[in-house]
Amino acid sequence: MIDNKATRLLAGAVVSLQVTIGALLPANAILAVGVASVAVAGLVVLAVPLVALVATLPATYGYWRLGPESLDLSAADVALALGVIAAVPIVPWRSPQLRSLLKVLAVYLGLLFVAVIVNPSLRSLLEWGHRLFLVAGGLFVGAAIARKGAERVAIAAFVAASTVVALRAIVDAFTASGGLLAEPSTPFGINKNHAGFLIAAALLLLLDLGEKLAAGPMTRFLCAVPLLAGLAATQSRGAVLTLAVVLAVWVIWTGRVSFSPGAFLVIAGLVAL
């Protein structure tokens, strides 16, 4: 017998959804599948919020469009929305550090809103709202992950996803019809700049926070090799330049003068690129 009130409510919601999906299926299979997908995602957020939080990091590669064209939602947007829902009850809202970041965020969004005022249109307003969602949502998800002490798992998931994308970029580079590096790689159809910037971010995380991962120096080195090669395969000059600048700032800020094999590989690879 079920005694927990929340469990009874959840069970009732599942039964209601089953009835709804069953009623929709004969008339509109696509809508039924959509309702089922949203329901499953919602249950995951309620049952295991940490999964929804961690999944937002590797899901940043999800460029695939979902839903009607008018919404223009990507898989990454949906994953972030689910992550934000899971994060809201976990975020330490009274944290002084978070409040300081929110003030900086408000200034950033205020500066961006100047462009909306200068060129008022529905499109510019929606773009501003999307930027608000991405930046604020990412901040809330990150704060919730830190509150749960799951930084290691989240970083490892992102680096692992980035390594897979980088390996695909390398394969695409070697199998291109015009020859090796004849054209930029678009791994899994992901735009070269989008993939390049995320791979560069994974390299920086591996470089700065690699010691916090449950992996030895050799494992981190073996991840850095395909990441750097995958970055080269995308031929994203902006990502390479950004990585070089951030790396220089990182060295100055941390004062590091000695590097692990993985860090040395990243620096040597940037020089070569």
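Figure 1. Helix α4 covers residues 75-87, 13 residues in total. From its first C-alpha to its last, α4 reaches 18 Å, close to the 18 Å expected at 1.5 Å a residue. The expected span is 1.5 Å times one less than the number of residues. Ala-76, Asp-77, Ala-79, Leu-80, Gly-83, Val-84, Ala-86 and Ala-87 are buried in α4. Buried means under 20% relative accessible area, exposed means over 50%, and partly exposed lies in between (1.4 Å probe, protein chains only). This is a predicted model: local features need pLDDT of at least 70, side-chain atom pairs count only at pLDDT 80 or more, and totals for chains, interfaces and linings use all residues. Residues are numbered from 1 along each chain as its sequence is written, and side-chain values use heavy atoms, with hydrogens and water left out.

**Figure 2. The whole protein and its elements.** The protein has eleven helices and two strands. Helices (H or I, at least four residues) and strands (E, at least two) are DSSP runs, numbered from the N terminus. From the N terminus on, the order is α-α-α-β-β-α-α-α-α-α-α-α-α. Of the 273 residues, 31% are buried. Take the contacts with a separation of 6 or more: residues 24 or more positions apart account for 69% of them. Contact means heavy atoms within 4.5 Å.

**Figure 3. Helix α7 packs against helix α9.** Two packed helices are described by the angle between their axes and the distance between the axes. Helix α7 spans residues 151-175, and helix α9 spans residues 217-234. They pack at an angle of about 50°, with axes 8 Å apart. That makes α7 oblique to α9. Angles under 35 degrees count as roughly parallel, over 145 as roughly antiparallel, 65 to 115 as roughly perpendicular, and the rest as oblique. Axes are lines fitted to C-alpha atoms, for helices over the stretch in contact, and angles run from 0 to 180 degrees between N-to-C directions. The residues of this contact divide into eleven nonpolar, four polar and no charged. Ala, Val, Leu, Ile, Met, Phe, Trp, Tyr, Cys and Pro count as nonpolar, Asp, Glu, Lys and Arg as charged, and the others, Gly among them, as polar.

Figure 4. Thr-163 sits in helix α7. At 12% relative accessibility, Thr-163 counts as buried. Leaving out residues up to four places away in sequence, Thr-163 touches Cys-223, Pro-226 and Leu-227.

**Figure 5. Helix α8 beside helix α10.** The axes of α8 and α10 come within 8 Å and cross at roughly 20°. That makes α8 roughly parallel to α10. From α8, the contact includes Phe-197, Leu-203 and Asp-208. From α10, it includes Thr-242, Val-246 and Trp-250. By class, the contact has ten nonpolar, three polar and one charged residues.

**Figure 6. Two loop residues with positive phi.** Most residues other than glycine have a negative phi. Phe-188 is not a glycine, yet has a positive phi of about 55°. Phe-188 lies in the loop between α7 and α8. Phe-188 is partly exposed, with a relative accessible area of 35%. Gln-235 also has a positive phi, near 55°. Gln-235 lies in the loop between α9 and α10. Gln-235 is partly exposed, at 26% relative accessible area.
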